[in-house]
Amino acid sequence: MEKIRLLVLFLLITCEITAYAQNCGSSFGETTGEVLSPGFPGNYPANLNCSWTIEAAQNLDVVIELTIQQFEVEYSELCLNDSLMVYDGASTNSPMLVSPSCGTKISWPAHPSTVRSTGRAMTIVFTTNDVISAGGFRATFKQVMPREDFFVVVDVSYRKIYRQERSSVKAEALPVFGLLIPVAVDFDPIERKVYFTDVGSKFIGRIGIDGSNQETLATSHIGVPDGIAVDYVTRNMYWTDTGTDTISVARLDGTYRRILVDENIHEPRDIIVEPNEGYIYWSDWGSFPKIEKSFGDGSNRIVIASLFLGWPNGITLDETAKKLYWADAKLNRIERCNLDGSHRELLKAFVTDVHPFGLVVAEDGIYWTDWVTQGIDVADRNFQKDTTTLNVNGVPTRLHGLAYHSSVAALKPTTDCSLGWLNSGCEELCVLIPSGMECLAVSPIFDMCPEDIYISIKETTVVEWRKPSVSSPSAVDVEVTSSHGSSNSTIVTPSSSNITVTYQALDIFGNSAHCSFSISVTYDNQAPRVIKCPDDITKELPPSQENVIVVWEEPEVVDNSGDVSLIQQSNQSGSKFGLGETDVVYIWQDEAKNTAECKFQIQIIEGSEGTVKTTISSTVKTTIRSTEMAKPEGKVSPILIVILFSAVAILLLAIVIGVIIGKCVKCQCKFGSNNRSSDPNAYMTSMQMNQGINCISGSQLLRPPPPPDHPLAPNFYEHCIGGSHSIPTTNVNSVYCEVTEDPPAYSCALPRETLSDVKPPLPTNKNSNV
């Protein structure tokens, strides 16, 4: 009986060992499956060394994705006792995807976690000792299409930038040269380039994710560029500079650079873009720490958080949940809120001192770099599980910037600013704002550029122009240079051809603008031609006046260039002239400075009392005469004075007699032969008939009658043509008119035969003779 009992026990142990052996390592070729630790879900046995290989068919372009569903392995320092390891290939000689893991979580990333091979095979190794047993693990696998799922992280200790696979400890250093103190990093999924900043070498650069084609994008006026963000939609990059306290933007190749924010900002650090929404966000850990956002053009700034902040470093967006996360290195905590700043939540307050810097959200959690843990820390987005730290390539080091890329992440749709739309027609920058796109000026602006100059010359000439003015959209210094040096003039000769003058404005960022104009030169030695110039004018000056008004027709001039200017005129027509001779000079000049002159003389001579006589050489003029009296020259003798007074008395007597006769009989006006018919009785005035006014009292004769717009025309038409003293209008052309200057009045005369039947009307008011 005892022998039977021992035999049964032996068979049971053998069966159990056989079962364990059958579950301790194998090869899988299936597209999906499950890997269990021996004895699962019970405790695993001691002294195991199990190895499983999962490999897809050679003709398939797939990778192996392994998900750890349950994990419980004896914990020990460095996992030297029991441990689980995963290799990226068909043997343990392949690179390690998961470093030795023990306890209740694997070393990377957070549990439960998914790791992915880079090729068609994966190897799982599970080893145990004989001290303590635990529950083991359960993992599922499947063959999937290849994908990218990696971080880009900056290692300031070793001055490197790594591509770190999210699903393994594998990290590959990019061959970036010239790094001194690298800080910020971001990734462009369109052109597959890594963008980075260096606060030691003070530059911004980029390099292909495959390590190819490193470029320097910006070096001028770079201070301490702590943050950088790539907007793959608009093809722009944004960066913060805590040295200059600014936020700037440029195209991805570094051109068209412009400062967006330079006021009320103290220590800007991280910066991110909300693709396709038209917002940028940044943190400021200065004296008044805050987190802000603005439109893509830097306008409409909004403070998201400003209370209970210390050193807000890394910030990131959860675009799906519309949440903003940030890490505070001074207050040792990670928080989040809505994109407008509402519903602020404290996610994690660390009990030990930490110093988070870079921060990103990936598919299954939130990741950040930490100067204390010297690795990449990870937690689920709600911090419901413990955090895990990944040391890049298994080595603790000080990490700064952090970026994440997944090939399965849906890229935002293109917009008007994307490459497919040729920058939406914007000449320089196209940025997004919530309402759409906006063209942003970057280069210096010439506020005034000279117009083209057309000049005619006959000899060497200096051409001058106004120097153009310039301004900068970024409000920075601008240097202006010219193809003609610092001068705003040039010398042209008759043999000169067209000349182009070019100005260039260059700001401190390398943005430039140009202003050009041409100078067209024409040879011209032909002077302008005067086609009408007044003749000399002689005019008598009455003794009672000091000067007399002289009027002449304006001269006329033409030129072959069609453009001539009056550069000198000595006197104006209608000016007053005193006794003597005056030369009136007109001088014209064309563009070539050829000149023409019109010159004539005005002579004012002494005249008799009541006489003004004008003589214009070579021109027929109407002359008005009255009784001329010679003005005595020199000392007047007493006899001459007596004679003059006698003559005046006789004249006055004659006038009185004439008035008396005019009231009694028909007046027969007598005029000189130059002004009236040769028959002294041939004319009689209407005013003489009706008022007895001396018809020879006028000082100027007009024939024919004055035009209606003449100042004294109303007087003429009232007394001579219409009104109460009407004259037949058929005889208007035969009317002779005299006008007195003081008081102004007309005296009119018609042929006698016309007036023979005209009777003066009776006065309407016998008490008035008006």
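Predicted model: local features only at pLDDT ≥ 70, side-chain atom pairs only at ≥ 80, totals over all residues.
Residues are numbered from 1 along each chain as its sequence is written, and side-chain values use heavy atoms, with hydrogens and water left out.

**View 1. An open sheet of four strands, in the order β21-β22-β23-β24, with antiparallel pairing.** Strands, like helices, are DSSP runs numbered from the N terminus (helices are H or I with at least four residues, strands are E with at least two), and two strands pair if DSSP finds at least two bridges between them. The edge strands, each pairing on one side only, are β21 (268-274) and β24 (302-305). From one strand to the next the twist averages 25°, where axes are lines fitted to C-alpha atoms and angles run from 0 to 180 degrees between N-to-C directions. Strands β22 (residues 279-284) and β23 (residues 290-295) run antiparallel and are joined by six bridges.

**View 2. Strand β26 and the two strands that pair with it, β25 and β27.** Six of the six residues of β26 (residues 323-328) are buried, so this strand is largely enclosed by the rest of the structure; buried means under 20% relative accessible area, exposed means over 50%, and partly exposed lies in between, with a 1.4 Å probe and protein chains only. Lys323, Tyr325 and Ala327 point one way from β26, whereas Leu324, Trp326 and Asp328 point the other way. Strand β25 (residues 312-318) pairs with β26 in the antiparallel sense over five bridges, and Leu317 has Leu324 as its bridge partner. Strand β27 (residues 333-338) also runs antiparallel to β26, with six bridges joining them, and here the bridge partner of Tyr325 is Arg336.

**View 3. The hairpins of β25 with β26 and of β26 with β27.** In the hairpin of β25 and β26, four residues lie between the strands, and Lys322 takes a positive phi near 55°. The hairpin of β26 and β27 has four residues between its strands, and Asn332 takes a positive phi near 55°.

**View 4. The second largest pocket, with a volume of about 1,100 Å³.** Of the 45 residues that line this pocket, the closest to its centre are Thr316, Leu317, Glu319, Val361 and Tyr404. Elements that give two or more residues to the lining include β21, β25, β29 (356-361) and β33 (399-406). By class, the lining has 27 nonpolar, nine polar and nine charged residues.

**View 5. A cis peptide bond between Phe40 and Pro41.** The omega of this bond is about 15°, and Pro41 lies in the loop between β2 (32-36) and β3 (49-55).

Methods. 1 Å grid on protein atoms, 1.4 Å probe; cavity = no way out; pocket = protein on both sides within 12 Å on 5 of 7 lines; lining within 4 Å. Points joined across faces, edges and corners; volume = space filled by probe spheres on them. Nonpolar A, V, L, I, M, F, W, Y, C, P; charged D, E, K, R; others polar.
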